[in-house]
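Here are some notes on the model you sent over. Please read them beside the coordinates.

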Amino acid sequence: VSTQSTSREIVELDITSVLQPDSINWVEDEIIAESPDSRDKGGSQISILSDEFLVVHTVEKRASLALSLLSNSSSRQNFASTTSLSNRDVNLGRGCSVISRRSVPNVRRLVSHPSLPYYLSGQTDGTVKMWEWGHSQSVNVYKPGALGSSKVNKIYFNSQGNKFGTIDSAGFVSLWQLACGLGSGFKPYLTMQVHSKSGYDFAFVGSSSLIATAGQSSDNKNVCIWDTLLPQKSALLQAFPCHDTGALALFYAPKRQIIISSGRRGDICVFDARRRMMKRCFQGHDGPIRSLAFEPTEQYFISGSGDGDIKIWDFNSHKVLLSLLGEHIPRQIFRSSSNGVTHIATNSSGFLYSSGSDGVMKLKVLPDYYTCLAKTPAR
């Protein structure tokens, strides 16, 4: 099940047919006969299905589309052998059956619980609501503190799922314990300003008492590590002056104990979380990088930029293993300050999910690391 939100509602979707290889047979069985009316200008055939949804893919590459959904070694090698993978996309703009719709205005962010059937929505006023899959009413309502009432930019659970936090546009982090039972008005146990101008991202580091934050501060200390158990005046453990115009995204890789952040000018910085030191900064994209993710085995990480490109990087050498150019190029009507790739994520099944300002969510099979490494030219 997948959840998506607009400015007016939350929609729960059943995406089983996309995630399971059998869905390819479903598409192929119901394809209409070729005719001039069944093709778009790009040479793609449009499948008219019995329900209200459409699946669009390139006719010449239907066989390879099926292979791309099988997470075996051969499909991963196919993925790694090319830099243009538009023929292997599963476009979910109109892709699966709707389970439920809820009228919930001003939702900014969504995140699912790591093990329980719940998810959270963060809103423009800093309010967080917890929902149970398939239920129409919210389970709990978490109210921000007096200082943390700006729009939610990111929301996450910790790995244990017993607490969660938000970072807002005013630079405040708020942390809550996950409440059991129905209720409303639960207040955060901590609200702390972590950046003086704006906050864009954060991550729980190691034990859930440590957090790393990305934002913009007047002193240019745009990536910081905090200990939330200490008094707020002494909670800042380390601040890094980097990303001149602000750090937009950040993640923590627990096996390597590495923090990676990205900025408006396409720069990527790598930090040793254990030693609390910067290891390296380098140019990753030409445009702003608003989303970062890492593959679960931590052999490589992924970046998505405002120009619509996605790149896969070697964790050890920081070299590009694979470039996916133009994955999310916005249509002119959608042009804004948040163009291009807006979100990327991976899972333990070997899939890469991406979404962008073009209004499309894409699913790909992650490439095999060693195949990518063998195809990377030495420098």
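1. The model is predicted: local features need pLDDT of at least 70, side-chain atom pairs count only at pLDDT 80 or more, and totals for chains, interfaces and linings use all residues. Residues are numbered from 1 along each chain as its sequence is written, and side-chain values use heavy atoms, with hydrogens and water left out.

2. Strand E12 spans residues 172-177; strands are DSSP runs of at least two residues, labelled E and numbered from the N terminus. Of its 6 residues, 5 are buried, so strand E12 is largely enclosed by the rest of the structure. Buried means under 20% relative accessible area, computed with a 1.4 Å probe on protein chains only.

3. E12 pairs with strand E11 (residues 163-168) in the antiparallel sense, over 5 bridges; pairing requires that DSSP finds at least two bridges between the strands. Lys-163 is opposite Gln-177 of E12. The hairpin of E11 and E12 has 3 residues between the strands, and Gly-171 takes a positive phi near 95° there.

4. E12 also runs antiparallel to strand E14 (residues 190-193), joined by 4 bridges. Ser-174 has Thr-191 in E14 as its bridge partner.

5. Asn-153 belongs to strand E10 (residues 152-157). Asn-153 is buried, at a relative accessible area of 6%. Setting aside residues up to four places away in sequence, its contacts include Arg-108, Arg-109, Asp-168 and Tyr-200, where contact means heavy atoms within 4.5 Å.

6. Leu-210 lies in strand E16 (residues 210-216). Its C-alpha atom is separated by 6.1 Å from that of Thr-228, 18 residues apart along the chain. Beyond neighbours within four places in sequence, Leu-210 is in contact with residues including Phe-204, Trp-226 and Leu-237.

How values were computed:
Buried < 20%, exposed > 50% of the residue type's maximum accessible area, 1.4 Å probe, protein only.
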